Amino acid sequence: MTLLCILLLSVLSTFVSAHKITVEASTKECFFEDLHQHDQMTVTYQVGEGGHLDIDFWLTDPEGDVLAKQIRQSTGSASITAEKDGRYEYCFSNQMSTMADKQVSFNVHGIIYIPEEADIVAPVEREIRSLAIGLLAVKDEQEYIVVRERRHRDTAESTNDRVKWWSVLQAIVLFSVVAWQIYYLKVSSVYEMIQEDFIHRIASHFSK
Amino acid sequence: MTSRRTLSFLLFVLLAPLVSAIKLALPPARVPAPKCIWNAVHTHALVIVTANVSPGPSQRVDIEIIDSTPQRNVYLSKRDVKGETRLAVTAHAEGEVGVCLKNWLSPDVKTTLARNMTRTIDLDIDIGVDAVDYNAIANQESLSGLETEMRKLEGVVKEIEDELDYLKKREERFATTNLSTNQRVQNFAWFTLFSLIGLGVWQIFHLRAYFKRKYLID
């Protein structure tokens, strides 16, 4: 029963809205959680914008030992069960880049360990609980879709704009190049050379 | 009865973790750069920011809630936040809501001494359904644990519905844009092809006429 509680907590705790931060070039942003023994913590992150879309991530325990480390990843997650009480710190580092700021969206969910025993659950409660889990799963997927859709819409609008300006520019360049070609041929000394050659031929013809 | 109470408590505990909570350590500076955390919101969504700032001498923490327009309009601004503070904001546009924190160092402290100073901030950002206080509603309408959970699920369903409507509208514009791009690419391709051939042919004829006029060819 406790296991079921913890399992349900873990599923429900997954569905929180994501935080987005900007990690400037050559800096790191650190956050922490104070956990008790047996508490669980999961951090998931994704790099939204900036440079090569990569970030360094690490998670340390209260004594400073690194529990999870991911270097130059675009997306990742780390899930730990606290062995000791204390402050667990996790950091996003952009120190490998000197110019590009990175935008990282991340989620933290913690599960508090409940050691108490619960009584038998009525079927209605079980149904409602599974309904809650299903609905929150839908909400989470939707949030992901909303964010992705926004980006794709921006890309599509940008493509549309770019096509318009590209075609206008290319038409201008094409016509101006043709006009310049004809103008240049007319004014260049090529015709003079042709004319000179022509005169030479006539002269040599007459001198024969 | 005790089993029901335990059950209600368990239900509340299960629903309780649906909040976003992060803790960070904010070092002070003479002129601090704001540290901002952004969350996505829909129009008219209720956003409740609960900040718990640890005590710290000679430092002043300011909190500012801004939107994601280029002008960075300020929803709410609070100077010298101490202890637990709740700020409520209603989003007026699609986009993001940012919570910005600044830790000002008091002018009578040397910067070298301030290297180890920091203030721990516990930030809770609840948006939409998470921001509604179901405990208060339960007490007001004397709802059982189960009924409160159902009420909360009702809120979640409404939010899902609204979000799907929003996605539907956005998708319509997206489809129109894509169709327009496709049409433009097609038009441009034909135009380029015909204009290249046309200009090439015209060039040849024009130059021939010109050379004939100049008696360079017959």
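Two strands are taken as paired if DSSP finds at least two bridges between them; helices (H or I, at least four residues) and strands (E, at least two) are DSSP runs, numbered from the N terminus. This is a predicted model, in which local features need pLDDT of at least 70 and side-chain atom pairs count only at pLDDT 80 or more, while totals for chains, interfaces and linings use all residues. Residues are numbered from 1 along each chain as its sequence is written, chains are lettered from A and ligands numbered from 1 in the order in which they are written, and side-chain values use heavy atoms, with hydrogens and water left out.

**View 1. Strand pairing between chain A and chain B.** Strand β1 (residues 19-23) of chain A runs antiparallel to β2(B), to which two bridges join it. Within this pairing, A:Lys20 has B:Trp38 of β2(B) as its bridge partner.

**View 2. A salt bridge between the chains.** A salt bridge (a side-chain nitrogen of Lys or Arg within 4 Å of a carboxyl oxygen of Asp or Glu) links A:Glu29 to B:Lys35, with the closest N and O atoms 3.2 Å apart.

**View 3. The interface of chain B and chain A.** Each chain is in contact (heavy atoms within 4.5 Å) through 65 residues, 65 from chain B and 65 from chain A. The buried area, that is, the accessible area (1.4 Å probe) that two parts lose on being put together, summed over both, is about 6,100 Å², 66% of it on carbon and sulfur atoms. The rule for polar contacts (a pair of N or O atoms within 3.5 Å; within protein, one must be able to donate a hydrogen and the other to accept it, and residues adjacent in sequence count only if both atoms are side-chain atoms) finds 16 residue pairs across this interface, both residues at pLDDT 80 or more. Among the elements of chain B that give two or more residues to the side touching chain A are α1 (2-15), β2 (35-41) and α3 (145-213). The largest contribution to that side comes from α3(B), with 34 residues.

**View 4. A hairpin in chain B.** Strands β4 (residues 59-67) and β5 (residues 74-78) of chain B run antiparallel and are joined by four bridges. B:Ile65 stands opposite B:Leu76 in β5(B). Six residues lie between β4(B) and β5(B) in this hairpin, and B:Arg72 in the turn has a positive phi of about 55 degrees.

**View 5. The ends of helix α2 in chain B.** B:Ser142 follows α2(B) and has a positive phi, near 45 degrees.

**View 6. Confidence at the chain starts.** The mean pLDDT (the predictor's confidence in each residue, from 0 to 100) is 85 for chain B, and chain A averages 82. It stays under 50 over residues 1-15 of chain A and over residues 1-19 of chain B. Where pLDDT is low, the predicted coordinates should not be read in detail.
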